[in-house]
Amino acid sequence: DAQLINCGGKQRPAQGGNLADSGSTAEERPSPVQVVVVASAATADSCHDLKSGFMEQRMQDLLIAPPFKTDGEVKSSDPAVKITHPDLISTDDHDLYIALKWSSLLTLRGVNSFLQASADLAAAAASSENEKEKAPDSVTVALSKGPSSPFLIPSFVRVSYVSEENSKVAKWRMHGDFFHPAAWEISKDSFDMTWIPDSLSGSGGITNLCHSKDPNRSTSRSLAEDEDCGQWWVYMAEEQMPTTPEVYANEITSPFIQGGSNFIWMLTERHRREVVKQMICRRQNQISGTNEKCGQIPQAVIPLGDLESFLINFTPNTALGKKHVQGRRPGYSREKEREQDREKVRERKQLKGQEDIEKALFDYTIYPAALFRKDATLKAARARDDALTKNKDKDAVGPQTVKSTYYDVTITKPRGPILGWCQAIVRKGLCTLYSDYFRASTDQRCMEACGLKKNWEKIEKD
């Protein structure tokens, strides 16, 4: 039952009842995992046209399976009723849907982190506290069950390993650090940071750790005085920009998650139903010419405390050191500012006779995972600092009210070893794997690294 018939699989006859009664062995029992190969014999040639967007569209059709993609008449517009694409053998409802191109490395860590992040967002939306009106805050986004609430889906970014086989341009961008994972489809301008209150779910389904009403619960968030409950999220403000030919495929078949990846994405059944509901609504608007509101477009987010788990390895290791198509590169929302910076460098003759270095700085995007974490942390800390600083000193350099304990250090005030240990814990995904401990414990030492501390560390005035 695991593959298309055209790809060597065979259709499983519908059988019910006990395994022993059916006369089949355990090896013949259908797997709870269904693997779908998107190319059939009829469409194999189209799959190799990487600019066509065919594969990306087909993955969306097969996994989301909206009812109007069937061969026959549309009999139901209920997203809960899964009318599967005709190329699928199984019409079963699955708990989790995973789409990936052959070049992406899928790990259990990535699956586990996606499910935890999805539960966290669902817990925030179900929280009664978020329905109460609170003072406006430039960095806080409260989720609710209402139609105006953002529809957030945890999403992924591809990374590749910079090695000595790559071009010297890639090496220069990494400043001599080899064999480190680095992204090429995003830059520091591709994302913003947001704090989502109550976005912490405990074990046993979607259970809010922030406002647990059950006195018998062993896990609930231990909060210090004036401390908010929730976590920081990376909010993808731009579309991811791959190199050619995939950048053209993205233009024809754009990711249905705004800011998400077309080459590795996941959906829970709950997500899928909401996406199908929106697709049906937009299709009906198109057919009937009406303008009914269809809800918020899915938006890509990544939890700061588990960032590395959402960086998916691109296995061929050929992506880095490639030049982006002009006008189609990460940070496109600040393209003019980058060109102005380049012009200043030319006017000052800072890189005179060093065209290779100039190209490395301005024409290529190599974004190491460690730099991604640093930029995201500092963006969140600076945003909160701006919100808390009442009388801002325009001439001051750096934060004025709150700071990051790990990144905001100086030569005279170096960081202690515990902060480094916390970073090692976070980068291995242990904040999520041992989430019950880190989220419910009174141990505050790794709260900032795990993305659970809204107000960071107060700066002591001399």
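I started with the open sheet, whose four strands run in the order E2-E8-E6-E5 with mixed pairing. Strands here are DSSP runs (E, at least two residues; helices are H or I, at least four), numbered from the N terminus, and two strands pair if DSSP finds at least two bridges between them. E2 (152-154) and E5 (191-197) stand at the edges with a single partner strand each, so one side of each has no neighbour in the sheet. I noted an average twist of 40 degrees from one strand to the next.

This is a predicted model, where local features need pLDDT of at least 70 and side-chain atom pairs pLDDT 80 or more, while totals for chains, interfaces and linings use all residues. Residues are numbered from 1 along each chain as its sequence is written, and side-chain values use heavy atoms, without hydrogens and water.

Next I looked up E2 and E8 (residues 299-303): they pair in the parallel sense over three bridges. Pro154 has Val301 in E8 as its bridge partner.

Then came the helices on the sheet. H4 (residues 108-126) touches E2, E5, E6 (230-236) and E8, contact being heavy atoms within 4.5 Å. H4's direction makes about 160 degrees with that of E2; axes are lines fitted to C-alpha atoms, for helices over the stretch in contact, and angles run from 0 to 180 degrees between N-to-C directions. H10 (residues 369-388) touches E5 and E6, at about 60 degrees to E5.

Last, I checked Tyr437, which is found in helix H13 (residues 435-440). Tyr437 is partly exposed, with a relative accessible area of 45% (buried is under 20%, exposed over 50%, partly exposed in between; 1.4 Å probe, protein chains only).
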